[in-house]
Amino acid sequence: TNAMKTLEEKKNESVTTIDNFLQVSKDVARITLAKLYMNSGKYDKAEPLLYAVFHGEYYTLDRSNTYQSTSSENIFGYSKSPQYTYSDALLLLSECDYHIGNSSNAMLYLNNVATAKGINMDGLGVLEGIEMVRKNAMKDYGGMFSFMKRSGIAKTELGLQDYQMLFPIPEKELMLDGYISQNPGY
């Protein structure tokens, strides 16, 4: 929240230098905070942040299903690794609106992405549609595991145990901080 006060409203450029990495746009902070809220079940707090990204004038959807750092969708990423894209922001917004009861808006945002990516959504609900788009058009983009956890399908679809819903804490971190303990099961 504090970072957003100092960051600029601008199109974020691809990360090619340390200067690009350190000079992110306000949209990067918005999406980061929105994802934190969503992972805590606070969809009502995440929705306005993602809505601001949607209504910005810096990004547009494109038909490509593979990441390109020069894409009009790129919000933040490294030369070959996307972190935040406009498609992802709209799918997150769709998920938020679904969870707070704005089903028509949720379907609108989802259909915008599905149409751009050439995905047929006939007969699918919002969450099924988001899963379909992520699996078929956004394989390189990440975010699928978090979506599956939030949607309650990660354990069954991936065959995970309860303890695997949290990642293990790296051994180095455990050694540096005597007040934390390893996540159960690891």
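What is the volume of the largest pocket? The legends below concern a predicted model, and the first of them takes up this question.

**View 1. The largest pocket and its lining.** In this predicted model, the largest pocket has a volume of about 150 Å³. Its lining is formed by Asn 39, Phe 145, Ser 146, Lys 149, Arg 150, Leu 166 and Phe 167. Helix α8 (residues 144-151) provides the largest share of that lining, namely four residues. By residue class, the lining of the largest pocket comprises three nonpolar, two polar and two charged residues. Arg 150, one of the lining residues, is also in contact with Met 38.

**View 2. The largest nonpolar core.** The largest nonpolar core has 43 residues. Those with the most contacts inside it are Ile 31, Met 38, Leu 50, Ile 75, Leu 91, Val 133 and Phe 147. At least two residues of this core are supplied by each of α3, α4, β1, α5, α6, α7 and α8. The element that gives the most to this core is α5, with seven residues.

**View 3. Surroundings of Met 38.** Met 38 is among the residues with the most contacts inside the largest nonpolar core. When neighbours within four places in sequence are left aside, Met 38 is in contact with Tyr 43, Ala 46, Leu 50, Leu 92, Glu 95, Cys 96 and Arg 150. Of these partners, Leu 50 is likewise listed among the core residues with the most contacts.

**View 4. Asp 27 in helix α3.** Asp 27 is found in helix α3 (residues 26-39). Its relative accessible area is 2%, and Asp 27 is therefore classed as buried, the cut-off being under 20%. Beyond its neighbours within four places in sequence, Asp 27 is in contact with Val 53, Tyr 58, Tyr 59 and Ile 75. Asp 27 also belongs to a network of salt bridges that links it with Glu 9 and Arg 30.

**View 5. Val 113 in helix α6.** Val 113 is found in helix α6 (residues 103-117) and is buried, with a relative accessible area of 0%. Not counting residues up to four places away in sequence, Val 113 touches Leu 61, Ser 87, Leu 90, Leu 91 and Val 133. Val 113 and Leu 61 are 52 residues apart in sequence, yet their C-alpha atoms are 7.1 Å apart in space. Both Leu 91 and Val 133 are among the residues with the most contacts inside the largest nonpolar core.

View 6. The whole structure contains ten salt bridges. In one of them, Lys 117 pairs with Glu 73, and the closest N and O atoms are 2.8 Å apart. Lys 117 lies in helix α6 and Glu 73 in the loop between α4 (43-54) and β1 (74-77), so this pair ties together parts that are 44 residues apart in sequence. Both Lys 117 and Glu 73 are buried. Arg 134 forms a salt bridge with Asp 88, with a closest N to O separation of 2.5 Å. This pair links helix α7 (residues 126-137), which holds Arg 134, to helix α5 (residues 86-99), which holds Asp 88, across 46 residues. Arg 134 and Asp 88 are both buried.

**View 7. A partly exposed salt bridge.** Lys 135 forms a salt bridge with Glu 157, the closest N and O atoms being 3.0 Å apart. The pair joins distant parts of the chain, with Lys 135 in helix α7 and Glu 157 in helix α9 (residues 154-158), 22 residues apart. Lys 135 has 39% relative accessibility and counts as partly exposed; Glu 157, at 39% relative accessibility, is also partly exposed.

Conventions: Residues numbered from 1 in each chain as written. Predicted model: local features only at pLDDT ≥ 70, side-chain atom pairs only at ≥ 80, totals over all residues. Heavy atoms only, no water. Buried < 20%, exposed > 50% of the residue type's maximum accessible area, 1.4 Å probe, protein only. Contact = heavy atoms within 4.5 Å. 1 Å grid on protein atoms, 1.4 Å probe; cavity = no way out; pocket = protein on both sides within 12 Å on 5 of 7 lines; lining within 4 Å. Points joined across faces, edges and corners; volume = space filled by probe spheres on them. Nonpolar A, V, L, I, M, F, W, Y, C, P; charged D, E, K, R; others polar. Salt bridge = Lys/Arg side-chain N within 4 Å of Asp/Glu carboxyl O. Core = buried A, V, L, I, M, F, W, Y, C linked by side-chain atoms within 4.5 Å.
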